[in-house]
Amino acid sequence: MFPLLKYSEADVETHLVSVSADAVRNSLAKARPDWFDLLNLISKAAHPFLPEMRRVAQTARRRYYGKTVSVYAPLYIGNTCINSCRYCDFRRQHTGTARRNLTIDEIRAEAEAIHETGIDSLLIVAGEDPNVNTVEHLAAVGRLLKSMFSYLALEVAPQTEDGYRELFKAGYEGLTCFQETYDQSLYREMHPEGPKADYDWRIGTQLRAGCAGFRILGCAFLLGLGPWQHEAASLAAHAFYLMRECYEAKVQFAFPRICRVDGGFAPPCEVTDEDLELMMLAFRIVFPQCCMTVSTREAPSFRDRIVQTAADNMSAGSRVTPGGYAVLERDGDVAQFTLSDNRSAAEVFAAIRANGQEVAFKTWDNRI
Ligand code: SF4
């Protein structure tokens, strides 16, 4: 569980199985729902309330985000990695993966290809390779891209607070760091070696970035590793903690689900489409002001539906291989995960508009 949570897994389980239909109704009617309301809304007792949850979540979403959906694209700048995450094809031991780190010129070419689609927000992604993705290198990438995009976020190895200060100065404002699992023993099992084996270092990432000035603090667990309701309880506790400690920043939720692929990692704990929708609606109801993104791992129909009720942010036209947008892909290149939504950016924009929503290319202007 999230280490600062004063309730054990057993306490969470006891609460989850005791939730009544009346408790769900009360949580849905509350003006300021709390952590226990989140538990009520992700319990089995909440499933019959899905239509009502969609309505309440949509109202909450509209209050803070109107009818806009902000879009971004991930830009993978490298896939060398010294970690050994059991569920990832970028892990050090996976020899079948062609490794590549883009040069600054290649990064510029990728960025130009994304920019041509109209997208104005970028998420820079890289594996953990301290010899390549140093703070200096990431800062140079940030300075290059900041002149082309309104918003830059990072999904790279956790850094020190001083490192984040440098990166914030270089133009990054958002950070995503999946905890993968909040369960300490499962975490050890999934991350047997490498710097990522340090649970405490990883869980302090958002706090260090928030202290360094980052404006968006992305949190998530990897859906499929552990029991999703327990993980969601920890994620909510983590978010409440960050909202208190980094009150000038915004927490952003993501719900990346491991998709089963032939010969790939088989997630031990399945999360169904209905579980995922229920969880996203519950988080929107309890955290109406927080950002929420829906992954490209999900099918177009699910993504188009959930951005109307819960998520306010989605990727479009994503490529999850370094060089996937403009630099030619080589045979044998492996993406970090399998995309379920292969639509182009223009097709995603059209789907958003067809739902009566607007595509928000830019939601923030940093005048500092
Ligand atoms: S999940 Fe991230 S840290 Fe782990 S092996 Fe994959 S790229 Fe490396």
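## Cavities, pockets and aromatic rings

The count comes to two cavities of 30 Å³ or more. A cavity is a set of points on a 1 Å grid over the protein atoms alone where a 1.4 Å probe fits but cannot get out. Lining residues have an atom within 4 Å of a point. Grid points are joined across faces, edges and corners, and a volume is the space filled by probe spheres set on the points.

This is a predicted model, where local features need pLDDT of at least 70, side-chain atom pairs count only at pLDDT 80 or more, and totals for chains, interfaces and linings use all residues. Residues are numbered from 1 along each chain as its sequence is written, and side-chain values use heavy atoms, with hydrogens and water left out.

**The spaces**

A pocket is an open set with protein on both sides within 12 Å along at least five of seven lines. Ala, Val, Leu, Ile, Met, Phe, Trp, Tyr, Cys and Pro count as nonpolar, Asp, Glu, Lys and Arg as charged, and the others, Gly among them, as polar.

| Space | Volume | Lining by class |
|---|---|---|
| Largest cavity | about 60 Å³ | three nonpolar, four polar, three charged |
| Second largest cavity | about 40 Å³ | three nonpolar, no polar, four charged |
| Second largest pocket | about 220 Å³ | nine nonpolar, no polar, two charged |

The lining of the largest cavity includes Met1, Glu9, Tyr182 and His230. Helix H11 (residues 228-245) gives the most to this lining, with three residues. Helices (H or I, at least four residues) and strands (E, at least two) are DSSP runs, numbered from the N terminus.

Helix H11 also gives the most to the lining of the second largest pocket, with four residues. Helix H3 (35-42) and H11 each supply at least two residues there. Among the residues that line this pocket are Phe2, Trp35, Phe36, Phe240 and Tyr241.

The second largest cavity is lined by Glu128, Pro158, Pro195, Lys196, Asp198, Trp201 and Arg202.

**The rings**

A search of the whole structure finds 17 aromatic pairs. Rings of Phe, Tyr and Trp (its six-membered ring) pair if their centres lie within 6.5 Å; planes under 30 degrees apart count as stacked, over 60 as edge-to-face and the rest as tilted.

Phe253 and Phe283 make an edge-to-face pair, 4.8 Å centre to centre with 65° between the planes. Phe253 lies in strand S6 (residues 250-254) and Phe283 in helix H12 (residues 273-286), so the pair ties together parts 30 residues apart in sequence. Both Phe253 and Phe283 are buried. Buried means under 20% relative accessible area, exposed over 50%, partly exposed in between (1.4 Å probe, protein chains only).

Phe349 and Phe361 are also edge-to-face, at 5.1 Å centre to centre and 85° between the planes. Phe349 is in helix H14 (residues 345-354) and Phe361 in the segment after strand S9 (358-360), 12 residues apart. Phe349 counts as buried because its relative accessibility is 6%. Phe361 has 27%, so it counts as partly exposed.

One aromatic cluster is formed by Phe240, Phe253, Phe255, Phe283 and Phe287.

**The ligand**

Nine residues are around the ligand, and Cys81, Asn83, Cys85, Cys88 and Arg91 come nearest. A residue is near a molecule if one of its heavy atoms lies within 4 Å of it. The shell divides into four nonpolar, three polar and two charged residues.
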